[in-house]
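Student: I am new to this one. Could you walk me through a few of the labels and what stands behind them?

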Amino acid sequence: MSRYSYVNGRFLPHRDAHISIDDRGFLFGDAIYEVWSVRKGELLDADGHFGRLQRSLGELRIAMPVTIPALKLVIRELLRRNRVRDGLVYLQISRGAARRDHAFPPAGTLPTLVMTAKRVDFTAADARADQGIGVLSLPDQRWARCDIKTVNLLPNVLAKQAAREAGAFEAWQVDEAGKVTEGASSNAWIVTADGVLVTRPADNAILHGITRATILRIAREAGLGVEERGFTLAEAHAAREAFITSATTFVTPVVRIDDKPVGNGAPGSLATQLRQAYLGPN
Ligand code: PDD
């Protein structure tokens with residue numbers, strides 16, 4: 001079955017989907033992106049991701065190339081053409097293609113909009129959640145606006161690779177004050193010995209995860225204790241549970257941080273319950 005992608009108003013076979021080598025996303029990383037999971041044909045947390053997409057564009061003063069209702073129709077068609085019922089949608093918008101100059105391009109330069117969709121068999125992710133993952137801690141080397149979902153992911157790429165080489169699934173980045181910021185591609189959480197959920201506040205040092213916001217809401221509605229504050233690695237090592245959240249991992253328990261087990265070294269019950277609450281009945 002051929003795969004289709006979307007480039008600037010056209011659905012194209014994936015192998016024919018190209019952008020200009022003058023594209024500012026390619027030249028400068030002058031672009032933003034979004035990722036949605038698709039379960040049973042529906043985008044998860046759809047509106048949260050559309051809202052963040054508009055915010056990212058606004059922060060960088062990139063014009064939204066299409067309306068949100070039009071974008072929703074395009075995504076639906078992309079899912080249909082790729083026969084995706086369970087999978088992922090990736091969207092990227094750059095400031096467009098123009099002669100290379102660091103400053104913004106001439107007025108009238110059209111943003112580049114690219115979308116891909118792929119099927120995902122979520123059983124691997126489920127198995128990972130059943131086993132729990134290891135994380136590797138390392139210094140956060142990123143810039144001061146991690147709240148904007150830009151494609152400038154080089155520190156994240158290097159952190160994730162370091163984790164993989166250490167046999168860990170995710171990297172936890174640590175700021176200069178010794179507090180965990182977030183994962184290379186997920187938000188970081190612990191559950192204290194007293195059963196309180198702790199995650200860093202949505203400041204400029206982290207991406208304001210859409211899954212994070214939904215889990216906060218679910219936890220508060222369930223009457224769980226929640227604190228939005230930074231936590232240290234020492235706190236994480238002493239925690240009862242730890243987990244990550246993202247559009248692609250949902251809620252996934254962390255059972256090892258560096259060489260130390262978290263809690264009893266098995267996935268925590270709160271993380272497992274939150275995952276079930278997030279995904280709903282199968
Ligand atoms: N990453 N923090 C970072 C640095 C991320 O890249 C992501 C998501 C998150 C979680 O955000 P959300 O819950 O909205 O997915 C936190 C996506 C999945 C990616 O880059 O593929």
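Tutor: Gladly! Let's start with G223, which follows helix α6 and has a positive phi, near 80°. Helices (H or I, at least four residues) and strands (E, at least two) are DSSP runs, numbered from the N terminus. This is a predicted model, where local features need pLDDT of at least 70, side-chain atom pairs count only at pLDDT 80 or more, and totals for chains, interfaces and linings use all residues. Residues are numbered from 1 along each chain as its sequence is written, and side-chain values use heavy atoms, with hydrogens and water left out.

Student: What span does helix α6 reach, and what is expected?

Tutor: Helix α6 covers residues 210-221, twelve residues in total. The expected span is 1.5 Å times one less than the number of residues.

Student: Which residues of α6 and α8 meet?

Tutor: T211, T214, I215 and I218 in α6 meet L274, A277 and Y278 in α8 (contact means heavy atoms within 4.5 Å).

Student: Why is R83 called exposed?

Tutor: Buried means under 20% relative accessible area, exposed over 50%, and partly exposed in between (1.4 Å probe, protein chains only). R83 has 55% relative accessibility, so R83 counts as exposed. R83 sits in the loop between α3 (68-81) and β5 (87-94), and has a positive phi of about 50° although it is not a glycine.

Student: And F250, is that residue buried or exposed?

Tutor: F250 has a relative accessible area of 0%, so F250 is buried. F250 is found in strand β14 (residues 250-257), and its phi is positive too, near 55°.

Student: What makes strand β3 mostly covered?

Tutor: In β3 (residues 31-39), nine of nine residues are buried. A31, Y33, V35, S37 and R39 lie on one side, with I32, E34, W36 and V38 on the other.

Student: How do you know that β3 pairs with β5?

Tutor: Two strands pair if DSSP finds at least two bridges between them. Eight bridges join β3 to β5, and the two run antiparallel.
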